[in-house]
Amino acid sequence: MNRYSIKMRASNKEEGHISGAEKIIPEEELEQYCARLLTRALRHSKGKPDFINLKIEAVREEEILHLPALKVTTIATSSPEEGMEVVLDYLRRLGLERAEEILALWKQSYCMRGAMLLDADTLRRLEPDRDRGIRATYMDMETEDAERQSACGGKNHFNEALVLATKVVNHPNILAELCISDDPDYVTGYIASREFGYVRITTLKGLGSPLGGRIFLFRGTDGERDDCIRYLQQQKVLVHVGDKASTPAAHSRVSHESGKLYERKGTNPVDKWKRMEEELQALREQHLYREIKVIESPQRAHVRYRGRDMLMLASNSYLDLCDEAQVKAYAAKVLMEYGTGSGGSRLTTGTGICHTQLEDALARFKGREAAIVFNTGFAANSGVIPCLCREGDVIYSDEKNHASIIDGCRQSRAETVVYRHNDMADLERKIRERQGRQGLIVSDGVFSMDGDIVNLPGLVELADAYGLLSMIDEAHATGVIGDTGRGCEEHFHMEGQVDILMGTLSKAIGAEGGYVCGSRTLTEYLKNKARSYIFSTSLSPVTMAAAKRALELIEKEPWRVERLQENISHFCGQLREHGVEADSETAIIPIRIGEEEKAVKVSARLMEQGFFIPAIRYPTVKKGEAMLRAALMATHTKEELAAAAAAIAEAIDYCGGC
Ligand code: PMP
């Protein structure tokens, strides 16, 4: 759909600003809507304008971020003082220690044209121009035509504010927005946040007062501030407002007569959240708080993030197959033929031909009798390990194994013995201490954070010598190592020697799901015993089809694996030339930083410059071992990788070195 952004401002010398509006609308409504806006400006009760500015810009679909409207709660208050108490309470529940000072500063925003951007902790003002403030623009409601038509005649404070608040607090560095309207007849204000949604407070100022203003409460680095301002001023956003959104009375109402929030008989709900809030606050203080980063394009070498093109250097889609034309075409065909869902678990109604075809293809690819597909790699590890080992058994697990292996070990009730990373001497010592007991040695094939490769000859030799099962997680090995991307066994020329080959369809294969390849005895056993296989609805036929076609492409078009392997040695070489330690044979290239705060800063600087490399911190890696985890794709060009290596070196230097 072609859409346009329209902004109208009308003013005259006596009144100054008379009327303003902004919308993002479909092309077919453009003329009619412009006419309505002009009528609105020309017939405004404040007087005739002597200046009308109408700005119309084309908006491309991929520029638009679609967001669901915040959940709305209405709190009935009978005086501005009571209203302010509610705001104070919410600020405190958001963990803001200086809530009272924030309320005092709110008044300073009354004379500003835009909003005040305030550091929520230091209370430093962050707007580049203090008089102007920050104006959040380019947003609208996503509604049916009829609703828009009726809404455009007059102003709907509630809907406009809900749209604005939804856009504003969806930026990860904005903790909350506070707003009082400057319309003398409109006394309702709000506090909006991701945690509590849009909280309307029915009386937040005295009737007849022309004073109002807003504050955006920010927490983050200087780089994140610039990014946040860019987002507020430039990102196009359409907010999907549910059916009843334009009638605030329909939203949940909370009585505020007692002056306390949510007081219910016999319960104290505030306490229920206290521990979580305190722990979240502690995470923020330790720079360990995680925010979701929303990608606005398909996952590929270049992605759109917050409206900008970025070089993706962190994705597990190593062969760039998530957005591949042949895979998509086949998946689309299967979608039309077999529909969207599987309708049941694998043992009931959820096994279709697409599931068995993929399992056959996987078994062939890995040179095994059979394969079994799980819903995720996580479900495969956490389901398979407890199935193979029980109380009395021993599991030998590398200290750097993936969380899903760790969870699998925990669930098994077997004794889990953690050996030093890839240290076969330590492993053997530990096996000898428990000689004769049944068990399993399990290891990542390519370690998910460090990108190094398991000592497979050593591990298999020990497993065979002591009668233990060997299990290798090939999540980051499949499609990456071995001449044709078949993983660890091919890399070491040890085809057929591992007992249990586990892997994921979610990384180089570009789809979703986990799998186990091995003997028919193994897969039949798992089908009958693995709880995550038995008690979960199976994946959709579309996902299975995408994975199968991707696997075929890896075999038919070997250039992808070859290009990826070339990129790995090129990128490591470039990093070393810039003095950054890097030595990896896999698509994962760890760049060690150490302190969490510094890693976050280096990542922020790279993000600013268009390189998407998030910081990896505890609990993914140990505390104090924060790093950047660069991940390469077959489709990155040599020039892009050279530029990225230079930018990484510069960012580390800028943030004070490693
Ligand atoms: N094993 C390893 C080594 C992984 O890195 C991951 C994913 N990060 C998994 C298993 C889980 O796979 P999935 O994402 O398909 O659940």
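**Entry 1: α8 and α17**

I began with a pair of helices in this predicted model: α8 and α17 are roughly antiparallel to each other, because their angle of about 150° lies over the 145° cut-off. I noted their places in the chain too: α8 covers residues 325-338 and α17 covers residues 541-556. Their axes are 8 Å apart. I then looked up the handedness, and α8 passes α17 in a right-handed crossing.

Which residues make the contact? From α8 I wrote down Q326, V327, Y330, A331, V334, L335 and Y338. From α17 I wrote down P541, V542, A545, A546, K548, R549, A550, L553 and K556. Sorted by class, this contact of α8 with α17 has twelve nonpolar residues, one polar and three charged.

**Entry 2: α12 and α13**

Next I turned to α12 (residues 424-433) and α13 (residues 456-465). I remembered that two packed helices are described by the angle between their axes and the distance between the axes. Here the angle is about 10° and the axes are 10 Å apart. That angle is under 35°, so α12 is roughly parallel to α13. The crossing of α12 past α13 is right-handed.

On the α12 side I found M424, L427, E428 and I431 in the contact, and on the α13 side G458, L459 and L462. I sorted the residues of this α12 contact with α13 into five nonpolar, one polar and one charged.

**Entry 3: α18 and α20**

In the contact, α18 brings E566, N567, H570, F571, Q574 and L575, while α20 brings K638, L641, A642, A644, A645 and I648. The classes in this contact of α18 with α20 are seven nonpolar, three polar and two charged.

**Entry 4: cavities**

The largest cavity holds about 60 Å³ of space. Around the largest cavity I listed L94, I174, L175, R194, E195, R219, R284 and Y289. The lining of the largest cavity splits into four nonpolar and four charged residues, with no polar ones.

The second largest cavity holds about 30 Å³. Its lining is R346, V373, F374, N375, S532, Y533, S536 and S538. Strand β16 (370-374) and helix α16 (531-534) each supply at least two residues of the lining of this second largest cavity. By class, I noted three nonpolar, four polar and one charged residue in the lining of the second largest cavity.

**Entry 5: two spots in the backbone**

I finished with the backbone. A reminder to myself: most residues other than glycine have a negative phi, and most peptide bonds are trans.

Where does D320 sit? I found D320 in the loop between β15 (308-312) and α8. Its phi is near 55°, a positive value in a residue other than glycine.

My last stop was Y618 and P619, which are joined by a cis peptide bond with omega about 10°. I traced P619 to the loop between β25 (615-616) and β26 (626-631).

Definitions and conventions:
Residues numbered from 1 in each chain as written. Predicted model: local features only at pLDDT ≥ 70, side-chain atom pairs only at ≥ 80, totals over all residues. Heavy atoms only, no water. Axes fitted to C-alpha atoms, helices over the stretch in contact; angles between N-to-C directions. Helix = DSSP H or I, 4+ residues; strand = E, 2+ residues; numbered from the N terminus. Parallel < 35°, antiparallel > 145°, perpendicular 65-115°, else oblique. Left-handed = near helix turned anticlockwise from the far one by under 90°. Contact = heavy atoms within 4.5 Å. Nonpolar A, V, L, I, M, F, W, Y, C, P; charged D, E, K, R; others polar. 1 Å grid on protein atoms, 1.4 Å probe; cavity = no way out; pocket = protein on both sides within 12 Å on 5 of 7 lines; lining within 4 Å. Points joined across faces, edges and corners; volume = space filled by probe spheres on them.
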